[in-house]
Amino acid sequence: MKYLVQAYAGSGGKQYPYNKPNFCPHCGLAVDAATEFKNIGNYYYAAFYTCTYSECRKMFFCAYLLRGDRMDLLFMYPREPPAGIAPEIRALSARFVDLYAQSFDAEQSGNFDLAACGYRNAVEALVKDYAITHKGVAADENLTQKTLQGCIMDYLDGLDAAIAAFMVKELGNAATHYPQCGEPFDFVEQKVYLELFLQYITGKLKILNVKANLPSKHLQRFEKREQAAPALGEDAQ
Ligand SMILES: [Zn+2]
């Protein structure tokens with residue numbers, strides 16, 4: 001694991017160095033988590049961490065073995081999310097990160113049908129969290145029950161992003177359905193559309209972050225230009 005910082009924990013009047021995660025495996029944000037260190041028998045220790053991000057506040061833990069003059073990290077639970085998920089996406093949807101990590105594990109084990117279903121469900125979580133945070137949609141039963149197809153149609157602005165998400169859904173559905181009834185699915189193709197979709201959403205989130213911090217006089221200029229743009233079919237000949 002690369003996201004570790006050195007810290008010290010006491011035992012028997014001595015201080016021992018140990019590697020402490022500087023990120024939260026639930027939300028993926030960098031945090032300086034509060035630590036509770038406990039001896040769990042013989043030379044084994046457990047460190048319990050609580051995420052400092054107000055929207056998360058979840059607990060995670062590491063097991064350590066005291067070897068000589070240092071604590072060696074044995075494992076962390078939950079484990080760190082797979083690399084390649086942009087910080088903007090991690091901050092938006094902890095559920096997506098969790099489902100993506102599970103699907104990634106299935107993929108690494110060669111369980112491609114499971115992975116395909118999981119990636120499809122991860123996209124659904126991401127689109128719904130996007131709708132709540134950036135489209136003012138209420139986090140209620142209506143949203144819970146809304147199909148992924150409906151979410152794609154209603155909450156994704158760009159045609160490219162909508163098509164990429166649609167393809168992840170279609171290929172995920174093909175892996176879910178009883179094979180004799182559905183279309184055959186291509187896992188490699190699904191991963192291509194998944195990566196494309198994540199790129200679109202990451203770009204969108206980056207722009208929204210810039211927009212949120214743009215002085216209003218600049219924002220007004222952009223908005224005026226948008227309004228003044230000719231409608232389709234009205235271009236000068
Ligand atoms: Zn967290």
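Let's start where two helices meet: α3 and α5 pack at an angle of about 40 degrees, with their axes 10 Å apart. The axes here are lines fitted to C-alpha atoms, for helices over the stretch in contact, and the angles run from 0 to 180 degrees between N-to-C directions. Because angles under 35 degrees count as roughly parallel, over 145 as roughly antiparallel, 65 to 115 as roughly perpendicular and the rest as oblique, α3 and α5 are oblique to each other. The crossing of α3 past α5 is left-handed, a term used if the near helix is turned anticlockwise from the far one by less than a right angle, with right-handed used if clockwise. On the α3 side the contact is made by V123, E124, V127, K128, Y130 and A131, and on the α5 side by L148, C151, I152 and Y155. Two residues are in contact if their C-beta atoms, placed from the backbone, lie within 7 Å. Sorted by class, the residues of the contact of α3 with α5 are eight nonpolar, no polar and two charged. Ala, Val, Leu, Ile, Met, Phe, Trp, Tyr, Cys and Pro count as nonpolar, Asp, Glu, Lys and Arg as charged, and the others, Gly among them, as polar.

Before going further, please keep in mind that this is a predicted model, in which local features need pLDDT of at least 70 and side-chain atom pairs count only at pLDDT 80 or more, while totals for chains, interfaces and linings use all residues. Residues are numbered from 1 along each chain as its sequence is written.

Now for the overall layout. The protein chain has eight helices and six strands, where helices (H or I, at least four residues) and strands (E, at least two) are DSSP runs, numbered from the N terminus. Along the sequence, the pattern reads β-β-β-β-β-β-α-α-α-α-α-α-α-α. Of the 237 residues of the protein chain, 27% count as buried; a residue is buried if 20 or more other C-beta atoms lie within 10 Å of its own, exposed if 12 or fewer, and partly exposed in between. Among the contacts in the protein chain with a separation of 6 or more, 49% come from residues 24 or more positions apart.

In general, most residues other than glycine have a negative phi. N42, in the loop between β3 (34-41) and β4 (44-50), has a positive phi of about 50 degrees although it is not a glycine. N42 counts as exposed because it has 8 C-beta neighbours inside 10 Å. R57 lies in the loop between β4 and β5 (59-67) and has a positive phi as well, near 60 degrees. With 12 C-beta neighbours inside 10 Å, R57 also counts as exposed.

Back to α3, which covers residues 112-134. This helix of 23 residues reaches 32 Å from its first C-alpha to its last, close to the 33 Å expected at 1.5 Å a residue; the expected span is 1.5 Å times one less than the number of residues. After α3 comes G136, whose phi is positive, near 65 degrees.

α3 has another partner in α6. Their axes come within 8 Å and cross at roughly 140 degrees, so α3 and α6 are oblique to each other. This crossing is left-handed. D113, A116, C117, Y119, R120, V123 and V127 in α3 meet A165, V168, K169, L171, G172, N173, A175 and T176 in α6. The contact of α3 with α6 has nine nonpolar, three polar and three charged residues. The buried residues of α6 pack against α3, α5 and α7; among them are A161, A164 and V168.

Where does L156 sit? L156 is found in the loop between α5 (148-155) and α6 (159-176). L156 counts as buried because it has 23 C-beta neighbours inside 10 Å. Leaving aside residues up to four places away in sequence, L156 touches V127, A161, A162 and A165. Q190, Y193, L194, F197, L198 and I201 are buried in α7, and the buried residues of α7 pack against α1 (87-92), α3 and α6.
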